[in-house]
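Hi everyone, thanks for coming. Please have a look at the sequence and the structure, and then I'll walk you through a few spots.

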Amino acid sequence: PPPPPPPPSGGQHVAVPTYFYPGSYWAQLGTGAPTVGLAVVNPASGPGTAVDPAYVTQVAQTRSQGVRVVGYVDTAYGARALSTVEAEIDRQYQWYGVDGIFLDEVPSDCGRIAYYQTLYDYVKTKAGVDQVVLNPGASTGECFMAASDVLITFEDTYANYVGWRPVGWEANYPATRFWQLIMATSQSDLPNAIALSRSRNVGWVYVTPDTLPNPWDTLPGATYWNQELTAAAA
């Protein structure tokens, strides 16, 4: 199918690290469009060693619902060989027809920026949609804005989010350039988590009650999920 359009303007949009197998959670995710605008396909901490037909079908279906799907690739904080990472980028595009790449385990300092600039430029050679998401999961130097379309600047608990503050340079960019992931959040704290993210110039957000070791292997229950979609879209 043709790539989905960019998310509509207005409000925030929910973007989810969809680290779960095709099935009911993916179905729940798709029904949240257009507030849900981005998902991550991650068959095996990356594309894996062989194509998984269930993911092929799921990615096509999710994209047809208007949600962009980006492919997970680990960078080990810049320690993996560029050729290895580029080969996984190739497989995500060839096997799953993704709309871009989610680069995980990104350092927060600028020492390895040339590595990520190289990967950004590589993704931009791909046909179709070529969105690049970087995940340091923490505040970074401004250098990473040139090597990403979306930058994840927080990935931690609600308890730690309450006192978190942006560095300051983030205010010079549109909210659509930033994504934050807030875990271990009760439903009573959900509205404040969303409100805080909006006040911090964050256009992409995901809040979940799930916790470590893997807070991204579920979606919230229906009541929580619907409240999150409503709050983000408001």
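Let's start with W169, which counts as buried at 11% relative accessibility; buried means under 20% relative accessible area, exposed over 50%, and partly exposed in between, with a 1.4 Å probe and protein chains only. Before I go on, this is a predicted model, where local features need pLDDT of at least 70, side-chain atom pairs count only at pLDDT 80 or more, and totals for chains, interfaces and linings use all residues. Residues are numbered from 1 along each chain as its sequence is written, and side-chain values use heavy atoms, with hydrogens and water left out.

Now, the rings. How many aromatic pairs does the structure hold? There are 17. Rings of Phe, Tyr and Trp (its six-membered ring) pair if their centres lie within 6.5 Å; planes under 30 degrees apart count as stacked, over 60 as edge-to-face and the rest as tilted. One of the pairs is W95 with Y96, edge-to-face, with 6.3 Å centre to centre and 90° between the planes. Y96 is buried at 4%, while W95 is partly exposed at 23%. Back to W169: its ring centre is 5.9 Å from that of Y173 and the planes are at 90°, so this pair is edge-to-face. Y173 is partly exposed, with a relative accessible area of 21%. Ring pairs also link Y19, Y72, F102 and W179 into a cluster.

Next, please find helix α6, residues 190–199. Helices (H or I, at least four residues) and strands (E, at least two) are DSSP runs, numbered from the N terminus. Which residues of α6 are buried? They are L190, A193, I194, L196 and S197. Why are they on the same side of α6? Because they cover an arc of only 160° around the axis, taken from the directions from the helix axis to the C-beta atoms. As a reminder, an α-helix has 3.6 residues a turn, so residues three or four places apart point the same way. The buried residues of α6 pack against α5, β7, β8 and α7, where contact means heavy atoms within 4.5 Å.

N201 has a positive phi of about 65° although it is not a glycine, and N201 is partly exposed at 22%.

Finally, the prolines. A cis peptide bond joins A33 and P34, with omega about 5°, and P34 is in the loop between α1 and β2. The bond from L212 to P213 is cis as well, with omega near 15°.
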